[in-house]
Amino acid sequence: MPESNKSSASFPRPALSIISGLAALSALLISLRYPESDPDLRGLGGFVVAALGHYLIFFLLTLSLARGAARLCRLPPKLEAVLVTLFLGLTFVFLLADTFVYQQYHFHINLAMLDLFFNSNGEVISFGAGDTAAIVVMAILCLTVASLITIAGIYAGAGILRISRKGIWIVIALFAGFNGINVYETAAGKNSFTAYNGAIPGFHPLTMNRLLHKTGLFSLKENSYRASIAGSSLRYPLNPLVCPEAAAGEDGTRERRPDIIIIMIDTLRADTVTPKATPFIWNFARENISFQNHYSGGNNTRIGVFTFFYGIPGSYWNEALQGQTPPALLSAFREAGYRTQAYTSANLYNPEFYRTVFAGIPDLRTESAGKTPYERDASAVKDFMTDITRELELQQQKNGRNQPSFSFIFLDQLHSITLENKDLRKQPFPTVWTEPNYTSLSRNTDPENFFNLYRNVAHETDARVGEILSFLKEKGLYDSSIIIISSDHGNEFNDTGLNFWGHNSNFTGYQLKVPLTIKWPGKEPREITALTTHYDISATLLQEQLNCRNPVTDYSVGKSLFAEGNPDWFIAGSYSENAIVSRDQIALINSIGKLSFKTPEWRSLPEDHARNKDRIIQAINLMTKYYNNKK
């Protein structure tokens, strides 16, 4: 036998079960730094089980694939051992570095962070001589631990191997059990065992909210939105709101505050508000305060509604959901004595607005009756009118002033883009479509049929808005109420010529620019052309109506709609991405954290031309400002 073959035969390949188990345990020990970012949260036991199982599966998969590649390449065992050691060591170094980033910013290392680190000349993260020395020492320690693990894997005896394999199955069983618990706690609105899920890098545990609700196996309606508010990693608002009571009259009674009525039309883009498509909304805008350059904070319903009510970026959604943290806006109005209710066409389970925006609201209305969006819109409006009428009757019976109300009406038919009246001869815009035909769409499709269908559906929805406004006038509430009409996001019809249809796919104005009109008693009608965003809504209502004394930055990244000094950029989000949107460019932080730059029409820009380092740093600060970074 040749000498090299003898050497290979005498040097065994590392045992993957031993190495994976020890590596997972070492990764867990490093990861115990993550909970330090918010030690008040419960669920440390769940964190240990979830992290250990997550890391064990990661190392088993990666090392098994590496073993297969090594054998295909006929690498000698010694070289394989060296490569395994380097892989483990670098993984530990990355994980340790990530714990420092997470404690400071409350998110994990991504490509955008690395880009800024290497290209910001030390303005984002900089190290002194002491820091550099500490990093070198920690890297050496990580490589040393990796070497010891590899040695243990090489020289472990048969008995140790059998024990390790049994231990692996025990850990995997515990991990599977944790995912089952996560399914239950997510559906039940609890986080006593799963509070630290977001702290584990790359971890996406199992959830079954929609299936449980559909099958009736778990009664979301009866339990979830009534769950007690648990611990949260958010520090939002930064300080308790201080909002004085309403002024007292000469007789000592408090002045009755105006009702707040928000009408939001899902998927209504700004340029659809025209005399022909939406005459009721158009006339309402002409008679009141109309914002001509208004943008949503997201290109989908979840983030659009979240930014509207919370006033902070959609990147905080998961933390608000995990802790069932309500928006400061609704908390303050409830504290001020407002009866709060949601009249939404779509149910509040998905997205989980029953555990975020409307968390803690008693007798929350969570869904509408009806088989079609048109019927559910009608149900939402009917219930709103019924409740308001009942309140007015109670007022007359008591011969006194009724409780002010904060009503959110959310109409969904336009999201489906499906006509109720199929007689196209009676529709204002010519089209052969009564519902979308997505399979026929391509980059070269003429959008006229689809866009005209959309405008026809907007026309039907506008009639529903007209019913609401007529009802308020009939009941004598129109003049005294603050009425807001807007949308959660826009909708694109291949406007860029890049085959984008719908929303949640880019951050152009077609998907972000939405109408905003406010009727505010005592304020003169006018058009405002400065840049405004959904982040400004909570700041406006809390400052201008409740006279809250806190600085706006305690609860919003926006400002009052009526204040001076409009921004020249804002943060927008989707389900997996964030963008910094300005007049001349869009800086995109994609789902894997890579920075790229686009024109307003979504064409790529060279990075050296588009980079705006200061703006990106400011945006990252805003997306981390409201985390609870207790040490």
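Strands 14 and 15 run antiparallel and are joined by four bridges. Strands here, like helices, are DSSP runs numbered from the N terminus, with at least two residues (E) for a strand and at least four (H or I) for a helix. Two strands count as paired if DSSP finds at least two bridges between them.

Before going on, a word on what you're looking at: this is a predicted model, where local features need pLDDT of at least 70 and side-chain atom pairs count only at pLDDT 80 or more, while totals for chains, interfaces and linings use all residues. Residues are numbered from 1 along each chain as its sequence is written, and side-chain values use heavy atoms, with hydrogens and water left out.

As background, strands of a sheet pair through backbone hydrogen bonds, either parallel or antiparallel.

Here are the pairings side by side:

| Strand pair | Bridges | A bridge partner pair |
|---|---|---|
| Strand 12 and strand 13 | five bridges | I571 and I580 |
| Strand 13 and strand 14 | four bridges | A579 and L588 |

Strand 13 covers residues 578-582, and together with strand 14 it forms a hairpin with three residues between them. Which way do the side chains of strand 14 (residues 586-589) point? I586 and L588 go one way, A587 and I589 go the other, and all are buried. Buried means under 20% relative accessible area, exposed means over 50%, and partly exposed is in between (1.4 Å probe, protein chains only).

Axes are lines fitted to C-alpha atoms, for helices over the stretch in contact, and angles run from 0 to 180 degrees between N-to-C directions.

**The cysteines**

How many disulfides are there? Counting cysteine sulfur atoms within 2.5 Å as a disulfide, the answer is one. The pair is C243 and C548, with sulfur atoms 1.9 Å apart. The link is right-handed, with 100 degrees about the S-S bond.

C243 is partly exposed at 29% relative accessibility, whereas C548 is buried at 7%. As for other cysteines, C73 is exposed at 57% and C142 is buried at 8%.

**A helix pair**

Finally, look at helix 10 (residues 279-287) and helix 16 (residues 448-474): their axes come within 7 Å and cross at roughly 55 degrees. The two are therefore oblique to each other; under 35 degrees counts as roughly parallel, over 145 as roughly antiparallel, 65 to 115 as roughly perpendicular and the rest as oblique. With contact meaning heavy atoms within 4.5 Å, P279, F280, I281 and F284 of helix 10 meet H459, D462, A463, V465, G466 and L469 of helix 16.
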